[in-house]
Structures are given as structure tokens and as C-alpha cells.
Amino acid sequence: MKKLISTDDKLSAAVNRRCFLGKGVQGVGTLGLAALLQQSLTQAKETDVQVPRWPGILNGKLHHEAKAKRVIFLTMAGGMSHLETFDHRPKLTEMDGKPMPESYTKGQPIAQLQNKPLKCLAPQHTFAKHGESGIELSNIFPHLATVVDDLAIVRSLTTDAINHDPAHTFMNTGTTISGRPSMGSWFTYGLGAETENLPGFVVLTSSGGGQDQPIASRQWHSGFLPSRFQGVHFHGQGDPVLYVNNPPGVSRAQQRDIVKAVQKINRLRSASINDTEIATRISQYEMAFRMQASVPDLVDISQESQATLDMYGTKGGDGSFASNCLLARRLAERGTRFIQLYHRGWDHHGGIKNASAVTAKLIDQGVTALLKDLKQRDMLKDTLLVFASEFGRTPMAQGNGRDHHIKGFSVWLAGGGIQGGVTHGSTDDLGYNAVEDVVSVHDLHATMMHVLGIDHEKMTVSFQGRDFRLTDISGNPVQALLA
Amino acid sequence: MFRFVNIQLLLLSMSVLVHTESLVAQTVDFDRDIRPILSNHCYACHGPDAETREADLRLDVQASLFAVRDEPLITPGDVKNSQLIHRITSKDDAEQMPPADFLKPLSVDQILLLQRWVKQGAQWKDHWAWTAPQRPRIPVLKHSFINNDIDRFVLAKLKDENVKPSKRADRVTLIRRLYFDLTGLPPTTDQVQAFVENTSSSAYQDLVTQLLAQPQFGERMAMYWLDVVRYADSNGYHADKTRQVSPYRDYVIEAFNSNKPYDEFVREQIAGDLIPNATIEQQVASAFNMLLQTTDEGGAQAKEYLAKYAADRVRNTASAFMGVTFGCAQCHDHKYDPFTTKDFYQFASFFADISEVGVGNAPAFPVIDAKRQAAIVQATKALADAQVVLALAAEKMVQQRVAWEASLVEKARSNIRLTPWQFLASLSAESFDLAHDKSFFDETVPVDLATPVADVAWKQRDEFVDGKIHALPAQENIAHYLFRTLTAPQGMKLVLQLGSDDGIRVWVNGNEKLNKKIARGVVANQEQVTVDLEQGENQLLIKISQGGGGCGFYFNYGSSDLPADIYRILLIAESERSEKDQKTLGSYFRDTHPDLAAPRELIDNSEKILKQLTDSAPKTLMTKVAAPRMTRILHRGNWQDDSGEEVQPAVPEFMQPLDVDGRRANRLDLADWMIDTNNPLTARVFVNRLWKILFGNGLAQPLDDIGSQGSRPTHLEVLDWLAIEFMESGWDVKHVVKLLVASATYQQSSNGSAALLARDPYNHLLARQSQFRLDAEMVRDNALAVSGLLTRDIGGVSVKPYQPVGYWKHMNFPKRKWTPSSGDNAYRRGLYTHWQRMFLHPSLLAFDAPSREECTVERPRSNTPQQALVLLNDPTYVEAARVFALRIINEGGTDLEQRLNWAFETALSRRVAKQESNVLLDVYAKHLVMFLADTESAKSLVAVGNATNPTQVDVAEHAAWTSIARIIFNLHESITRN
């Protein structure tokens, strides 16, 4: 640009040659060139369009007092074994290698172990008690052990689907039939977001530690809710948000010119055409343009202190789970309502001892740091953390691994509205069936909604002639988990 | 008490809604006014679902509603003696209906309506949707507005409501509307001008006729239909593998273009394979039944997925053709409509004859049309002729044959000798890994056959002949060893052909040659290993490791220049060879003898042609019939529950019956039942959807549920009139489209007055046309058409436009990379975009294209920042803009104003306004200066995409015009149909 100013005259001549001064272009003479440029350089402020914030269908009128404002949902994708992590079953050690009693497995759905002899596999890691609460935790989560008094661990979750894809769909939408809104969409639809510069529902993904099961974008789809409630997937490589970067060769100032011109001409159109969509279009362009600045700002980890980076154990920007945990905190600070992290690494059909340790190591420090970081910023009190998997794994061996299991597994919650240092429910002595205080996925959703001030039975959306809700036709908030 | 409540309600109502007043005078219509209330507020407990029914009371059937009771539910004309009214007005918690905890209280208006209905005599009327349409009486009225009967109905209602229709849209708007609605593409400037200047009274109709004859009409209609049938290029679940099904899309496009009668269209899709002597086209149409989501995930249970597929077909067939939500009845009787769970499973059993696997990928079949078939017949004949020529030539070569064979036998005899196999069975280990990896004895030293291993002795097994698959003892986590010696006349290379279930390891003379730890079943030639043999005796040791399931191995060998089978035959004395062996040897002679090279080449050529003909045939999923699977009612939809009653194919019991004279009904019967003129749904549903395409919204909404919960059509008479017209015209789709676009209602301006918008925000009265955003595919098509990039080829396999790198990284089994299409295929219309269900192209997704997991009859029309980001930054639109910029420079004249006008006329069919050109010239000037100063940036902007640039255009000027083109493509007007 400096070069330009110094060669102003030469440029003016060049511009003249390019039919710059055609008919009807009064007012943009060559004399004005330098000034024009100067203006474009200094005019860094955004366009003056107001972006109305979607207030949520509840529009601030919550069904009861909310204990948390936002959700960070950490999905351990692939099926995290409860038996190597949060559910200590010493009886399994005794039974190691022995046939699984048929009373447990008869008539039950089974995945890859169909028609195979079923033998018990001992827990592959040792457990120890931690914190004042004395909750037992596997030794593969040494960091998490230091915050165990903040966690409410449910050891009696059940689900309906035994294969990855439908199980994720069930965990995210409350049904295994495709096409329903995901929970993040429900929450942003109900509550809106606290930002107009970033999406209200953001998805971050990472992998490592086991075979990468596919994750479909339907998992964060808005289903029959308007598309604006779809989760926005942030990417570790390329544009952090699809199409968020300007085309090559286009500066931010130029992009702003484009957007402003579009806005102006749309407004002119709006004066002669009665179409309310034009006004919406204008504000959506404004939000898009703001996102083009706010997304790079969001992912600019250079603003973080070394101490913070050390706590998470990441340099940031590497697409790792730890890095995503840090981004989750930054999103939470900026007002995103529902932040969902996926880590695809928990499908341990074989070699579960080593694989679960390796995967846990990729998770442990990041998630613990997230919890601590939120706490030290006084944000844990109004953030709901959920750490869950689409299903657990069988007490039975599959070689030296475990198969998919839906009849009893573990999930933990923490943060606003949730009691710390408690456990809830239990599986049987072999870790097969949830037998005490059984919690369904609908119960989990109902609990989450309750914490955010929503009565899950009251927030419904009419579609195909029926009132739908996230919890389908059942579910109750789990009172024992609530602070 | 009762009276008091009533008065209070009346007082309340007066302040609530003005239209209540007008309603008071009207007769209450049960179907229009009362059933929707009962459906929404009462049917959940007093409706079709037997399981949740309370007090054994049904309000959805006439008999129950008016049954004689001690305290009558309804006494016509007598509000006081009607329990129904008493209950809905009661303040007593024990009596109040609906109960407070149901969370669906009745409004004051609704209560008043119910009271008036009873007062007026409580007339019952069947639900309109379950009664076959009748041709309604056409209102007699005269008005200059009226073009055809549609307008008479619309105008009659407008008169009742005291609303005036909007004026006719201007000609530019009309031609743009017609182009987008009927072809999905914008008109060119010349086309617009020609239409505007055409003063003929038939100009409009001529244009319609012309557009309906364009192949783009089929593409435009297919865009919609593919949503309805959930067409996609991938399986959907888990690995979401690619499937081949594009010939079905071609079929749909062609069906609309050739104006295939809709009844045939329905019949061919549901049961094309069952039509006697089904044509290839009809078989392709039957791919409809295979468009559902399927899985091939390891560990998925076939039974569970077959149940899922059955339910999927019921849901989607019912939605696609009948516009009803049958899905609820999978687990319980429908809550609002009279579909029962039994109906659901009976309907499912129509599809039980479809050949399919629960877990795995359906096969695709080549589509051999008549032309290709003729070519194949010809090539097959040429091949047969060539084979005869070869055989005759070979037969004549008696002496050469003897000499050839003798030389080969000598060669073979100088080859190796093998001893029978020695076998060491079933050594067990703790795991499969160990069974495979562990050395049960030292495999690297000469094998000692005399010493047992882990108490197991070596045994000779003569039955393990070469070239056959042999079963071995099966047990979990074990290993078997096989051993033999090979004596070679000299040092030589030998090819071992091996197969194993599961893992295999091979040692030759103590050196490991193969180690494959794998779980699989055995087939011949899974592995080929070339080994060096020393002169004299060589030791061959094989280990088969087993994790679970069956166990077995395969062994064969050949020297490097003789195939194993030929080698084996040559070692057998000629007199002892089987006939088959002799034949094999004979064909080896014909295939290899140098003197037969010429006839062989003839054969090769014919084979190549034949292979090319079959390989290049497009492939598609098709419905293939198998013995019908048994279908039973699954309680609560539970696939593991085998206690339910077995059912046979049947249509929903409350609808018009299907008579098949005692035999098992099949899909063809179902299709015929759907297209029977007594079916109340099929015709109405389709014309309703045509209406939606041309007017923005359906007459009956929602489009996918015209049952009790759907709102009553705004113009039921129009819907019925069109349905009758449709059927009586022979299900003529173009005829109905013509009627719709010919109506004055269609041709109204969409720019309604502020007063009209306030009076009728949802356009229920049809006093104006609608404005709406173009569908996702059309947003793309429009930009490509305006820029001149669009490829107008019709049909073919799906293509891959630019997509962000890494967008597919969360797919697996296998991992895949999106390789963008090149050349003209980069610029095909949006409907040809590869439709990956798990990760639909993000630009289509942003503009509300569905991932097509389920039937979609109505896309949402959202307005989001993601859409702005796509139009601003997706290389597709940037490239279109920079190519459009070239056109502006080259074709738009020399002066700035001229060029802007040209650009606006090309993109928007209108001239630029003064205020607009001021805005644009501002940007142009500024950006031109910037790009002149920074030509590198300009260069990179005009290099986006594959298209090449002519060298003579100045790069800065090109870039600055690209900015203008980008602005135009981003305008609301550019993506809106008026």
C-alpha cells in the first residue's frame, strides 16, 4: 500500500486508461484517489447494521430458575469402556477368563461377539479412591482424580442402540430415527446464544488412541428446527469454520466493501419490495462478516498465558482434544450456548489395556484443565459439563478387548447445578446391567435441560402434526445429581 | 357455576379476537372447526391408540362420540346436557378436560366453538382426507381477474373475506418466475426481451409450452422428487459407503420430461420389477425401494437392521405417495389418525419380498438399454465366431500338439517332487495373538517329525490334496502346523498359492516367507508367495492360526512358467487324465501356442469390446425379488420380541379395501391401490406438492401430514378440483402444471401491499404470489448460468464440485478423499452433486438441502450467516464471479455505466438504478486502485477455480469487476424468486 501512495500519479494515469472516467462517474475523479484509499485503510470499523440476537423460543421466560447458562458436552466417541474408567468391578477380576454366566447375557443384543463363546475379562487397570469423597477412579485418569470432588458420576446409564451411528444419534437427538434435532440445536433454539458474533452451537472434533469410528454431520444437525440452530463444525485444518476466510487476494477492507455494498443495495430493494426476508438477510450478512473476524480471534491462542497452555498441555491450534478444551473455554467466555467436543478414539475391540490408557492420556489433562480453568474464572458455577460416550463396553472379552455394550455404562456431570463428589446408580457385580437407579439417555437430557431452566416436557416443537421434544416420550431429571 | 364460567369466557373472548365475531354467524363445520381441536387436545387419550385410551372413550369415531350413555357426551342442540361441554368448562380438577397436567389447555375460542357446534346440532362429518375427492361445484362469478376455474375458487373466497387480489406481475417478473419454477434456471437477457416485446395474446402460454418442453423441466422436477424419495449416493449408516444409483435419477428426469403419467410413475417405482416383462426402465424405477439408509457395520445385527429397513420403507412410502405419517404406528396405534400398529406391519410386509441383506451393501446391476443390448449381441456373436476359428485352427494342428505336449511333459518331469502333508493339529494358546505369534517349537530349524509338540504327534494326511480347500479342526485360539518336503531338480523359483482361516505363516528351509495375522474365511489364492528352492530337498512348513469360527487352508503351486493346474496335469500319464484335465490342457494349448496368435487376437478384440460394453454400462441398485420374509407385529417396535402376531400384506384397514381374491397381495397390488381413483390421498398429495413448487406453500399443510393433525387446506375445493382434474386427465403432470401457471392467481404480483401483508401474513388467501429464496441447487445453478460456466448436460453419474479440503475427514472404512470433478463436470447443475448422506456438500447444506436420510417434502427456508459465507467465499461463487466479470468486460460495452447495466440485465433481468450504480462504482473505483497497487492479490483472486483467463484482460480491472460480480451474486434479489 505504501508503494501505491508514492506512485499515485502513475496509477492515476493507469486508472484513466481503464475507462475510469466514463459517463456518469462524477465524483470519483483521480484527485480523490489517495483520499479514497486512505479512507479505506482507516475505515476499519464494521458496518453499522444491528444484528438482532435470537432470544430463544423461551425468550428469557425459563420454566424455573436456571443453575447453568451453557453446556460443554464432551463425547468420548467409539464407546468408552466404563470398566476401565469409572466403574470398578473387582468381581470381574475373579471371573477373568471364566465363562460369562448366561443369566446375564441370554437374549441380550450383542454386536461383534454374536455366536462367540462369552468369557469375562478382568478390569485392565487398577482403581483407587480419591478426594474427600473417596470416589474410585481408574488410574488412567490421574489428572481427573484431582478434581473428583467436583464430579457427579452416574454408573447406571443405559442406551437403546448398540452400533455407533444409531447410538450417537440416540445420544444426540433422543431417538435412533434420523432427522430429529440434536440437543445442541434444542438448547440454542430454546435459549438463544449470548453472542451475535459466533454461532450458538459449536462442534469441535479430535481423534487418537483407537480406531476412528466415523462421525456424521447429522449428529449436530438441526433436524426439523430451522437451520440456524445447526451446530457449526470448527475444523482443525483449513478454515476453522467453512468459508470463513476471504477469497484469495481479498483483504478484510475489500470484503467489508463488498458486504456494505450488498447491504446498501438490499436496503434499496427493501424500500420498494415488501419482503421481511431482506431485513433478515441484511443482519445475517452482518453476522457473517463479524464471524469472519471473531472466529480468527477465537482461535488465536497467542492471547493465552504460558501457564494456561501448560495446564492444558497443548501449544494450541493442533486440533488435539486438549486444544479443543481450551477453545471450548474461549467459546464459553464468548457466549456460545452449547459446545460439543468429540474425541474419536474409544472403540477398543482389541488391545483395550494399552488403547484405553493411550486414549485416556489424550483426554485426561485437557478435560481436567478445562474444569479447573472454568473454576478459576468463576465460570464453572454456570457451566454444565457432561462427559459421556454413546455406549460402554462388555464385561466379556473380545480377544483382549471388549465389544459394544448398552445395558449399563458411565457418564459424569459437573458444574452449575450439579452436586460434586457424588456417585449415582450402579451396575451389577460384573458391570453388565445397570441395576440401581437406572438412568436413561432421556433422563440425562431431562437433567441437562432442568439445570438450564427448561422443563423438558414443556419445550416442544410441532412437526408432522406431532409435538416433539428432545426427550421423546419419557425421561425425568435425576434429582440426586442436582445441587 | 357453569353459567358463571360461561359468561366469564364470553367476556374474555370479546377482547381476544376480532374474527370470533365473524365466526359466530357461521355454521360450525365439524371437519373444519371441531376435529382439529379434538385431535390436538383429546385424541392422545381418547383417540385411535388403544393402549393409551382412557375411560374407553373415543372422540375420533362417530359411534363412540354419540353413543347412548346415562350422561350423554353430546346432546345435539343442548349444551347443558352435553358432558363434553361440561368437562371442558369445569373448574373441578377431577373433572376438567383436558387435565391440567396434559399441558394442552383449550383456548377460550376453542371452547366457544365447541359450544356453538353442539348448539347448532352437533353435525358429524368424516375427515376430508379420508374421503375420496369429489369434483366441487365451481363458483359462478365473473371478473376480469379470472383466467381459469382455479381463479373462481380463489376469488370467491377473497370476496367472502373482502380482500382484492393483487395485480398481475410485470412481464419481466413473470418470465423470471416461470423460468425458475419450470426449469430452475434464470432466463437470458434475450429471452426476457423477446417475451417483453411479444404482443401476441398467446405469448405467455407459448412461453409455458416452450419451457415445459425443455429438458431442464425434468431436472427441476427431479430436484424436488429426489428429496421425496431420499435419493443419495451413499448408504447412510456408519461407513456411509458410495452406492451406484444415478440411473434412477436419470429415470426421474426422463419421466417428467416425457410426461409419464403419474400413476405409471408411482407404479414403476413401487413395483417396476413385478410388472410382467418389466422393461429395463421399469426395473431402474424400482430402485426406489432400495434408496433407504443401510449399514455394513461389523457387529450390526442383521435382524435388527432388517426391522429398521422395513419400518423405513413404511414411513417413507407413506410419506412419499400418501402424505401421511405412518411412522408413529411402528410402536403404538397412531395417536391422531386411525392407523393401527397392525396396519403398520401389514404395510411393511408388502416389502418383505425385496431381496436384501440386513448388514452389507446391496448389489448394483448394469443398466443395459436396447441399444447397448444390440451391441452386446453383436459382440457376443463375433466372439463366438472367433472362438470357432481358433478351435478349428487348433484342431488342425495335430502334430504340433503332440510335439508341444511332449516338450511340456519333459519340462514338468524335470521339475519338483512333493511328499504328502504331515499335520500337527490344534495347539492351543491364550489368545489369537499368541496362537499366531508364539513358536510352539523352533520353526527355523529342520522339523523333527518324530517328536510330538505339546503332546500332539505329527500325522500324515494324504487327503490334503493340492488345489482344494481343506477344513481343519476349529477351536478358539489355536494353531495347526503343516509340513512337507519339496525335491527340486535344480535351483528354481516356485510360486505358492495359499489360503487360510484365519492367520497364516510360511517357512521355507527355516526362513519365514509369509506372516499374515488376519481374521477371515478361507478361499483359494488369498496369498501368492514366490520362494527360491535349492537343488535337492527343501522343507516347507505352514502354520494356520485360528481366533474363532471355522478353520481351514488352501495350497497349490506352480513353477514360474507353468500354471499349477497344467503342471499337475502334465505329471499324470495321458491315459489316466480325466476328460476335464484333457480339456484344460487343450485350452492351454489354444491359449499359448505361438502358431495360434492370429485367431487369438480376434478373440481378444471381441472380448475387449464386450467387456467395454458391459463395464461402461451405468449401474444402479434395483429391486430384486426373493421369497417373502415372514413379518410379525413387533411390540413397541422391539425387533427382539418374537411374540407378536404374524401378518400378511394389507392396506390400512380404515381405507378403501384392496381385493386380491385370497392370494398374497404384493407391491404391484399396493401400487394399484395407491393409484386407484378411490384412493383419497395420492392425487391430492401430488397436486398439493405441485402447488407448493409453484406458489411457495401447499394448499394443505404440512405437506407431509394431511391427517388429523394437519391444518385444513386453505382451499380444499381447489385441491379437490385439481386432484380430479389430474386423475381425469390421465394423471397428466404437465397438464396440471399448465393449469396452475395459467391461473391469474399464479400470475399475481408477489409484492403484496403492506395492508395485505398485515391482513394475511401467511398468504392463506392467495391474494398475491409468494417471494421465496431459490432452493440450494438453484442458487448454484443461477450463479453458474449467469457467469456462463454452466454445463447443460442432462443425466449421468454424480459429480463433485469444489469442496473444502478435509471436510470428509471424519468418515472412515475406508477413509476417503473428495476429488473435485474437472472440465465441464465441475460446472454441472446442483442436482448432480454427489450426495453423501453423512457429509452433504456444505454449500448445499447451508441452503437447506436435506441429507436425505428420510423423505423430505418441504425444505425449511432459512436465512443464515452460513449462507452469506458460502456466497461470499465458496470458490464456486468466487469463480463464477470472476468469470462473470470477464463477460462484463468483454460483452458489456466500454463504458462503466453500460457495463453495470449489462451485468444487472444478465443477472437480474433489469437495469441498474442510479443509487445502485453509485454504490457499485464507488467499490469499483476503490478496488481498481487497490488491485492496481497490488497485482499479486488481483492475480490470486482471478485465479480461483479451474477456469482459464484470456491473457489480454488486465488483471486489476478483472479483479475489480470481480468485486462487482461478487456483490451482484450476493444480493438478496439474486437468490430470490418473485
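**Chain A, overall.** I started with the secondary structure of chain A and found 13 helices and 17 strands. The model is a predicted one. Next I looked up burial. Of the 483 residues in chain A, 57% are buried. Then I turned to contacts between residues at least 6 apart in sequence. In chain A, 76% of these join residues at least 24 apart.

**Helices α11 and α12 of chain A.** I picked out α11, residues 321-334, and α12, residues 352-376. At what angle do their axes cross? I read roughly 15°, with the axes coming within 8 Å. Angles under 35 degrees count as roughly parallel, so I noted α11(A) as roughly parallel to α12(A). The crossing of α11(A) with α12(A) is right-handed.

I then listed the residues that meet. From α11(A) come Phe321(A), Ala322(A), Cys325(A), Ala328(A) and Arg329(A). Their partners in α12(A) include Leu362(A), Ile363(A), Gly366(A), Leu370(A) and Asp373(A). I sorted this contact by class: 10 residues are nonpolar, two are polar and two are charged.

**Ile74 of chain B.** My last stop was Ile74(B). Where does Ile74(B) lie? I found Ile74(B) in the loop between α5 (62-65) and α6 (83-89) of chain B. Is Ile74(B) buried or exposed? I counted 22 C-beta neighbours inside 10 Å, so Ile74(B) is buried. I set aside neighbours within four places in sequence and looked for contacts. Ile74(B) touches Leu65(B), Phe66(B), Ser82(B), Leu84(B), Val118(B) and Ala122(B). I also checked Thr189(B). Ile74(B) and Thr189(B) are 115 residues apart in sequence, and their C-alpha atoms are 66 Å apart in space.

Terms used. Residues numbered from 1 in each chain as written. Chains lettered and ligands numbered in written order. Predicted model: local features only at pLDDT ≥ 70, side-chain atom pairs only at ≥ 80, totals over all residues. Axes fitted to C-alpha atoms, helices over the stretch in contact; angles between N-to-C directions. Helix = DSSP H or I, 4+ residues; strand = E, 2+ residues; numbered from the N terminus. Parallel < 35°, antiparallel > 145°, perpendicular 65-115°, else oblique. Left-handed = near helix turned anticlockwise from the far one by under 90°. Contact = placed C-beta atoms within 7 Å. Nonpolar A, V, L, I, M, F, W, Y, C, P; charged D, E, K, R; others polar. Buried ≥ 20, exposed ≤ 12 C-beta atoms within 10 Å, placed from the backbone.
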